[in-house]
Amino acid sequence: MSVIEAHPRRTKGGGFGDVVLIVLLAGMALAVVVTVVVIASGGNRSPQGPRGAGALDALQGDITAAGLVVCSRTDLADPRATDAVAARTLVVAAPCRGGQTATVQADAFADDADRDAAARSYEGPERTRTSTTVRTYGDLVVVVGGGADDVVADRIDAMLLAKGAR
């Protein structure tokens, strides 16, 4: 009799323990694969970033935390954002008087599908202006516009990318 045949688990129940172990291991492997696939495919344009009612305030806080100043704020929606639930336009600068400024138009959406559709619709017309970027950031579509060599717009865009915007 071999060692495998003499093993207690092997001899009890005619090897039923081995079958249970194999099924359990296969189930765990399948669970890991499913989890990896869900994580990899679940990422819409921007899974990170501010969500919910405070998303616009969070964006404004992120801009000021990046060392920039909000010179003016208007809570008006971009006319192209027909599904937006809230909107804000900010004029941002390093110093408000005499320096370069960038315009930040942020529109908040109730779901990722509406947000992504809006971002795609903005990208077409905005693509012609080299100084304008369109990013999704949490529930927001953020359009940043500035001059051709605008340091402020570049800093805002770098901050958005660092925080997970796409």
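Predicted model: local features only at pLDDT ≥ 70, side-chain atom pairs only at ≥ 80, totals over all residues.
Residues are numbered from 1 along each chain as its sequence is written, and side-chain values use heavy atoms, leaving out hydrogens and water.

Student: How many helices and strands does the chain have?

Tutor: Helices (H or I, at least four residues) and strands (E, at least two) are DSSP runs, numbered from the N terminus. From that end, the elements run α-α-α-α-β-β-β-α-β-β-α. The secondary structure comes to 6 helices and 5 strands.

Student: Is strand 5 mostly covered or uncovered?

Tutor: Buried means under 20% relative accessible area, exposed over 50%, and partly exposed in between (1.4 Å probe, protein chains only). Leu140, Val142 and Val144 point one way from strand 5, Val141, Val143 and Gly145 point the other way, and all are buried. With 6 of its 6 residues buried, strand 5 (residues 140-145) is mostly covered.

Student: Which residue stands opposite Val144 in strand 5?

Tutor: Two strands pair if DSSP finds at least two bridges between them. Strand 4 (residues 132-137) and strand 5 run antiparallel and are joined by 6 bridges. Opposite Val144 in strand 5 stands Thr133.

Student: Which residue stands opposite Gly145 in strand 5?

Tutor: Strand 5 also pairs with strand 3 (residues 101-108), in the antiparallel sense and over 6 bridges. In this pairing, the residue opposite Gly145 is Thr103.

Student: In the hairpin of strand 4 and strand 5, which residue takes a positive phi?

Tutor: This hairpin has 2 residues between the strands. The positive phi, near 65°, is that of Gly138.

Student: How far apart are the end C-alpha atoms of helix 6?

Tutor: The expected span of a helix is 1.5 Å times one less than its number of residues. Helix 6 (residues 151-162) has 12 residues, so it should span 16 Å. The model agrees, as its end C-alpha atoms are 16 Å apart.

Student: Within what arc do the buried residues of helix 6 fall?

Tutor: Val152, Ala153, Ile156, Asp157, Met159 and Leu160 are buried in helix 6. Seen down the axis, they line one face of the helix, because they fall within an arc (of the directions from the helix axis to the C-beta atoms) of 160°.

Student: Which residues are exposed on the other side of helix 6?

Tutor: The buried residues of helix 6 pack against helix 4 (55-65), strand 2 (86-93), strand 3, strand 4 and strand 5. On the other side, the exposed residues are Asp154 and Ala162.

Student: What is the relative accessible area of Val152?

Tutor: Val152 lies in helix 6. Its contacts (heavy atoms within 4.5 Å) include Leu68, Val92 and Gln100. Val152 is buried, with a relative accessible area of 4%.

Key:
Lists of a residue's contacts leave out its neighbours within four places in sequence.
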